[in-house]
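Reader: Could you walk me through this model, one feature at a time? I would like to look at it while we talk.

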Amino acid sequence: MFDGLKDKLGSFTSDVEEDVDEEALEDEAADAEAEDDQPAEPEASAETSAETADGESSGDASDEEEANQVGESAVEPEVEEDADEEDTDEDEDDDSGRGFAQRAKILASGKSVIDEEDLEGHLDDLELALLSSDVEMSVAGEILDGVKENLVGETRRRLSSTGNLVRDALREALFDVISVGQFDFEERVTEADKPVVIMFTGVNGVGKTTTIAKLSQYLEERGLSSVLANGDTYRAGANEQLQKHADNLDRTLISHEQGSDPAAVIYDAVEYAEANDVDVVLGDTAGRLHTSDDLMAQLEKIDRVVDPDMTVFVDEAVAGQDAVNRAREFNEASAIDGAILTKADADSQGGAAISVAHVTGKPILFLGTGQGYDDIERFDPEAVVDRLFEE
Ligand SMILES: Nc1nc2c(ncn2[C@@H]2O[C@H](COP(=O)(O)OP(=O)(O)OP(=O)(O)O)[C@@H](O)[C@H]2O)c(=O)[nH]1
Ligand SMILES: [Mg+2]
C-alpha cells in the first residue's frame, strides 16, 4: 500500500540529508578559515602554552584549539561537529573579538543556517513527487509549506548530526494534512442515541455495498448490532447483492422492489431498528454522480425524511485525483461527515489518501484493504504516516 509514494518520500529525505551533510562539512571549513583570519588572542595563547604538546598535528600550532579543529576535522568530522557546536555556543556568551568575528563571518556566509533558497531545488523535487502521486495541488503546497516551516532556520550541523530531522519535518507536514477533522468513529457511534443512521454515497462501482458489509462486521466485533438497508433501488440485482452479504453475515436486510423510493426503504429500516433494539442502520445508495440531479434529489429526500446521523462518502483510493475531485464535489453538493477509501490494497500512489481530508475538511474514516469482510481498517493518520516512513 502506497509503496510508490513511500519511495519518493524516501528519496526526498535522503537527498536533503546528503546535501546538508556536504554543506555542514563546508561550514567546518568556513569556521576554520574564519579562525585563520583572526589574530591570536592573548587569552588563547595562554591556553596554548599550557597545552602545546597536543598541537603537534598542525604545523603552526600557535592556537591549540585551532590545531585540534584542523587535525580532527580531517580524521573524525563527527566528533569535531559536536566540539565545534559547543564552541559556537560558548562564543555566544563570549564577547571576545574572536567569537564575534567568527560568528559574523559564518552568518555573513549564510552557511550555518538553512534558508529557503537552500531547500528550493529539493522542494521542487518533492512537489513533483507528490503531484505525480496524485496528491492534490493545494495539498502538495500545504505539505511543502509545512516542510519549509519545520526546516528553515535549523542549523546544518543540527540536521547533519540528527538524520531524522528531515524525515520528521516531512512526517509532521504530512500528518497535519491527513489528520484534518479526525474523530473517533467508534466512540461517536457508541455514544450516539440509537439507532444511529449512516448513509453511504459515491459513484458507481467504488465499493459502497462491500464496505457496508465490512462495516457491519466491524461494528459487531465492537458489540454494536446493525441492520442493512438497500437504498439502491436503481440498479438491477442490487437487492440480491446485499441480500447475499446479509445472509453471509446473518443480518437482516430491509429492501423494497427495484424502482421504489429509497427514502421509504431507509425509513422502514429505522423503524425496524427501533423496534428490535438494533444499534446502527447502514444505508446503501445507488452509485451516482453529484451532477445527476434526480439521484441527488433522492439523497436530499433521505436527508429530510430520516435525517441520517452520518453521511459517508465512499471512493476508491486507486482513483487518485478523480477521487479527490469527487469528494470535493459530493461534499459541496450535500455535506459529508467523512470518507472511506476502498481498494487501498491496490493503490501505490496514496494521493487520494493524502488529499481527501484536507480538500473536504472531513476526515478519512476507514481504508478498504481487500475483498474480504475483515479487509477494513480504521484510518489512523499516525499509522499511515508511520507506514510511509518505515524502513
Ligand atoms: N481489492 C479491493 N476490492 C474491493 C474493495 N472494496 C470493494 N472492492 C471490490 O469492488 C467491486 C465493487 O464493489 P461494490 O461494493 O459492488 O461497489 P458499489 O459502489 O456498491 O457499486 P454500485 O452499487 O454498482 O455503485 C467488488 O468487486 C468488490 O469486491 C477493497 O477494499 N479492495
Ligand atoms: Mg452497490
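Reader: In which loop is Pro195 found?

Author: Happy to start there, with a word on the source: this is a predicted model, where local features need pLDDT of at least 70, side-chain atom pairs count only at pLDDT 80 or more, and totals for chains, interfaces and linings use all residues. Residues are numbered from 1 along each chain as its sequence is written, chains are lettered from A and ligands numbered from 1 in the order in which they are written, and side-chain values use heavy atoms, with hydrogens and water left out. Helices (H or I, at least four residues) and strands (E, at least two) are DSSP runs, numbered from the N terminus. On that basis, Pro195 sits in the loop between α10 (185–191) and β1 (196–201).

Reader: What is the omega of the peptide bond from Lys194 to Pro195?

Author: Most peptide bonds are trans. The bond from Lys194 to Pro195 is cis instead, and its omega is near -5 degrees.

Reader: Is Asp134 buried, partly exposed or exposed?

Author: Asp134 belongs to the loop between α6 (116–132) and α7 (137–151), and its phi is positive, near 75 degrees. Buried means under 20% relative accessible area, exposed over 50%, and partly exposed in between (1.4 Å probe, protein chains only). With a relative accessible area of 25%, Asp134 is therefore partly exposed.

Reader: And what is the relative accessibility of Lys343?

Author: Lys343 is in the loop between β6 (338–342) and α16 (351–360). It is not a glycine, yet Lys343 has a positive phi of about 55 degrees. Lys343 counts as partly exposed because its relative accessibility is 32%.

Reader: How wide is the arc that holds the buried residues of α7?

Author: In α7, the buried residues are Val139, Ala140, Ile143, Leu144, Gly146, Val147 and Leu151. Seen down the helix axis, they line one face, because they fall within an arc (taken from the directions from the axis to the C-beta atoms) of 160 degrees.

Reader: Which exposed residues does the face of α7 turned away from its buried side carry?

Author: An α-helix has 3.6 residues a turn, so residues three or four places apart point the same way. Turned away from the buried side of α7 is a face with two exposed residues to look for, Met137 and Glu149.

Reader: Which side chain makes a polar contact with the side chain of His122?

Author: His122 is in helix α6 and, at 12% relative accessibility, counts as buried. A polar contact is a pair of N or O atoms within 3.5 Å; within protein, one must be able to donate a hydrogen and the other to accept it, and residues adjacent in sequence count only if both atoms are side-chain atoms. At 3.0 Å, the partner of the His122 side chain is that of Asp19.

Reader: How much of the accessible area of ligand 1 does the protein cover?

Author: One oxygen contact of ligand 1 is with an N or O atom in the side chain of Thr209, at 2.8 Å. A polar side-chain atom of Gln241 is 2.9 Å from an oxygen atom of ligand 1. Accessible areas come from the Shrake-Rupley method with a 1.4 Å probe; for residues, only the protein chains shown count as cover. Of the 650 Å² that ligand 1 has on its own, the protein covers 81%.
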